[in-house]
Amino acid sequence: MKSLDIHKSEYLKQFENQVYGRNLFRTQEEERLDAPNEECGIFGLYSDEDLDTFSLSQFGLFALQHRGQEACGISVLKDGKITNMKDEGLVLDVYKDIQHPETFMGNSAIGHTRYTTAGDKKKYNFQPFFAKNEYDQIILSIAHNGNLTNAKELKTELEAEGVVFRATSDSEVILRLIQKNLDLGLRGAIKATMEKIEGAYSVVGMTRNKFFAFRDFNGIRPLVLGAINENSYVVASESVALDAVGAQYVRDILPGEIIYTNENEPGKLNSYMMDEAKGKQRICSFEYIYFARPDSTLENINVYEIREKSGEKIWDQAPVEADLVIGVPDSGVPAAIGFSKASGIPFRPVLIKNRYIGRSFIVPTQEMRERVVNLKLNPIISEMKDKRVVIIDDSIVRGTTSKRLVKILKDAGVKEIHFRSVSPPIIAPCYLGIDTPSKDDLISANMTTEELKNYLGVDSLEFLSIDNLKEILGSSNHCFGCFTEEYPVGKGEEAVLFN
């Protein structure tokens, strides 16, 4: 058997040149229905000299592809002119369709890879968003990750003042507020915007001569800062995007912090704290459990290490006699390795991935859609037959994917199945930038653990406790809203933000 350190190395290395896929048992439709879906990935690059912003933004956004697969877009600044491009599809597909890459080379770029959290899926909601002047020139462009809880109210106010909205996304509210206040200067405009908006937001943006980024007062959505050299900076949702462009991680942008450049001091990055007393660290705990790529570092905490520790901790919490530990690729593997280390039960990567399969198939029947899963992942039956197996997964949301996974293992001849979720039971939706099902559709909000065990048809079922999760993370300074129904900020209206 390979050592677990070799498994870890092989597991992490694969994501350098292929997209990270969290739970490969889910069909594309189930990713919408049976998962807390990713919010978005944002990327920004600034230098006082010309760079290959076309290639660097492509590399950075590809590293963030797991955060959104619906659409991709970039804005590039060159010689005081902003050029924007966005389209439906994966990052590499969108970039492949750009006819003249030289058009997107300059000294600054921002990019976005999208999953819908607010607003519909029309092209006018793709990001980056931009604002134009009376000469039809782009003067401001932003990319936003998160969700505003008072967007509908602010949109109504702005419309009463004559502001025209062209999309149905809460992100456009941020754009229009900054645009409205630009006469205060860039920093003043962002400050006025942050004083109005509520909820979760990490934002990167540019004007025709400045670059900026800012983060909400609770730091709910991640945002990291890196440097390529002393005059070239990168901002991104995760540190893996810094790695992809050869930037060194500097630090996380602080809750309530604005960073920006000044046209009079090219190459210098300035920082302004809105209100240090108001700023609190409440980053989403589910970033560590599920959303972030495992080789990312957020708030100086390595994601892989958290996931491995979660496997160790759930062994301490709920030990069981078994012959084999398996993890659901990709996100369940580090926890399975941790469980194996703590228990001494062998870990085997017996769910084999097809690395060449596309994201989706056009299949008209449910029966055929089920078969897509077996094209993505195929179990090695000889390794599991007549064995007592512990299956480690990151979470259970609606339960439909977990139930089918159990069936696949039973069909493979597994003797006993012990299911371990390395997140606490998800009992509440997220209103802060993650697309979760309604409470009625969250199976742990409607069943006891014993009832869910029987529904799945497993021999035992355990969830990581909230106390153990806090211990692994090293503090209670996170958002645990989906586990506790207690949020760092008011959830706002539950209705659709825009009709």
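Predicted model: local features only at pLDDT ≥ 70, side-chain atom pairs only at ≥ 80, totals over all residues.
Local features need pLDDT of at least 70 and side-chain atom pairs count only at pLDDT 80 or more, while totals for chains, interfaces and linings use all residues. Residues are numbered from 1 along each chain as its sequence is written, and side-chain values use heavy atoms, with hydrogens and water left out.

**Exercise 1.** Determine whether Asp 216 is buried or exposed, and find its nearest side chain of opposite charge.

Solution. 
- Asp 216 sits in the loop between β8 (211–215) and β9 (224–229); strands are DSSP runs of E, at least two residues, numbered from the N terminus.
- Asp 216 is buried, that is, under 20% relative accessible area, where exposed is over 50% and partly exposed lies in between (1.4 Å probe, protein chains only).
- The nearest side chain of opposite charge is Arg 215, 5.8 Å away; Lys and Arg count as positive, Asp and Glu as negative, and His and the chain ends are not counted.
- Asp 216 has no salt bridge, which would take a side-chain nitrogen of Lys or Arg within 4 Å of a carboxyl oxygen of Asp or Glu.

**Exercise 2.** Classify the ring pair Tyr 11 and Phe 15.

Solution. 
- Rings of Phe, Tyr and Trp (its six-membered ring) pair if their centres lie within 6.5 Å; planes under 30 degrees apart are stacked, over 60 edge-to-face, the rest tilted.
- The whole structure holds 13 aromatic pairs.
- For Tyr 11 and Phe 15 the centres are 5.2 Å apart and the planes at 90°, so the pair is edge-to-face.
- Both residues, Tyr 11 and Phe 15, are buried.

**Exercise 3.** Name the aromatic cluster that contains Tyr 20.

Solution. 
- Tyr 20 forms one aromatic cluster with Tyr 11, Phe 15 and Tyr 304.

Technical notes
Helix = DSSP H or I, 4+ residues; strand = E, 2+ residues; numbered from the N terminus.
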